[in-house]
Amino acid sequence: SLKDFQQMILTTTELANVDAVQQFPSYFNYGIAFSYRINDRNSAGIAFTHYTTGGRNTVSDYSGKYFLNMALQGNKFGAHYTYELEKIYQFRPYFRFEAGVILSSFFVTESLEVYPDFKSEDSYDFNSFSFVAEPAFGIEYPVYKSLSLDLSAGYEVNLESEIKRVNSADQVLKNQKGESIMLNWSGLRLNLGVAYSF
């Protein structure tokens with residue numbers, strides 16, 4: 001509902017011709033995982049993933065400029081279990097299930113500048129906590145000694161969570177109807193990585 005929140009701000013602003021130039025697009029995520037091999041088929045471990053996206057409303061002309069930046073970041077801490085299937089030539093297919101939590105930070109900065117000598121800027125920090133689960137199917141392919149390429153696809157399910165003001169948990173981000181703006185990172189995950197065994 002952050003996208004709806006951005007549109008609500010866009011339609012209620014008193015400035016003319018403000019455009020949403022960025023609307024929380026899909027973006028690259030980065031992560032690292034450690035696994036312990038229990039036996040030939042089973043392994044378990046822990047993982048960390050960093051997410052980032054954002055929205056921006058802006059307008060500028062000869063008289064000044066205005067922008068509203070909404071930067072969203074998430075850090076996922078999870079545990080995973082992997083079951084390896086029979087090899088197909090050198091390919092090692094597997095099923096993986098990961099579950100954990102996401103700690104999210106939402107930074108809002110609003111700035112208005114009227115040339116030549118007026119400028120006003122406000123910023124607000126929010127955070128959010130939610131649970132997450134992701135089933136995935138992948139393939140690992142050895143490329144050199146203990147080094148392998150890892151390709152997987154999964155779907156991450158994120159329980160919706162409220163967005164609360166930092167240091168003021170009773171202040172929750174809401175829309176015009178008084179409804180809480182909910183954060184949800186759910187979506188398709190396509191992963192490409194490098195695995196090293198030792």
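Me: Which bond joins the side chains of Glu-156 and Lys-76, and at what N to O distance?

Reply: A salt bridge means that a side-chain nitrogen of Lys or Arg is within 4 Å of a carboxyl oxygen of Asp or Glu. Glu-156 and Lys-76 form one, at 2.8 Å from N to O. The two residues are 80 apart in the chain, with Glu-156 in strand E7 (residues 147-158) and Lys-76 in strand E4. Strands (E, at least two residues) and helices (H or I, at least four) are DSSP runs, numbered from the N terminus. The model is predicted: local features need pLDDT of at least 70, side-chain atom pairs count only at pLDDT 80 or more, and totals for chains, interfaces and linings use all residues. Residues are numbered from 1 along each chain as its sequence is written, and side-chain values use heavy atoms, with hydrogens and water left out.

Me: Is Glu-156 buried or exposed?

Reply: Buried means under 20% relative accessible area and exposed over 50%, with partly exposed in between (1.4 Å probe, protein chains only). Glu-156 has 0% relative accessibility and therefore counts as buried. Lys-76, at 4%, counts as buried too.

Me: Which residue forms a salt bridge with Lys-76 at 3.2 Å?

Reply: That residue is Glu-98, the distance being the one between the closest N and O atoms. Glu-98 belongs to strand E5 (residues 92-114) and Lys-76 to strand E4 (residues 64-84), so this pair ties together parts 22 residues apart in sequence. Both Glu-98 and Lys-76 are buried.

Me: How many salt bridges are there by this rule?

Reply: The count is seven. One of them pairs Glu-140 with Arg-92, whose closest N and O atoms are 2.7 Å apart. Because Glu-140 lies in strand E6 (residues 118-144) and Arg-92 in strand E5, the pair ties together parts 48 residues apart in sequence. Glu-140 and Arg-92 are both buried.

Me: Which residues have the most contacts inside the largest nonpolar core?

Reply: A nonpolar core is a set of buried Ala, Val, Leu, Ile, Met, Phe, Trp, Tyr and Cys residues joined through side-chain atoms within 4.5 Å. The largest one here has 23 residues, and those with the most contacts inside it are Leu-2, Phe-5, Met-70, Leu-72, Phe-106, Ile-163 and Leu-173. Two or more residues each come from helix H1 (2-12), E4, E5 and E6. H1 gives the largest share, five residues.

Me: What do the buried residues of H1 pack against?

Reply: An α-helix has 3.6 residues a turn, so residues three or four places apart point the same way. In H1 the buried residues are Leu-2, Phe-5, Gln-6, Met-8, Ile-9 and Leu-10. They pack against strand E1 (19-23), E3, E4, E5 and strand E11 (182-183).

Me: What does Leu-72 touch?

Reply: Contact means heavy atoms within 4.5 Å. Not counting residues up to four places away in sequence, the residues that Leu-72 touches include Leu-2, Phe-24, Tyr-51, Phe-106, Leu-183 and Trp-185.

Me: Where is Leu-147 placed?

Reply: Leu-147 is in strand E7 and, at 32% relative accessibility, counts as partly exposed. Its C-alpha atom is separated by 7.2 Å from that of Val-194, 47 residues away along the chain. Beyond four places in sequence, Leu-147 touches Pro-142, Val-194, Ala-195 and Tyr-196.
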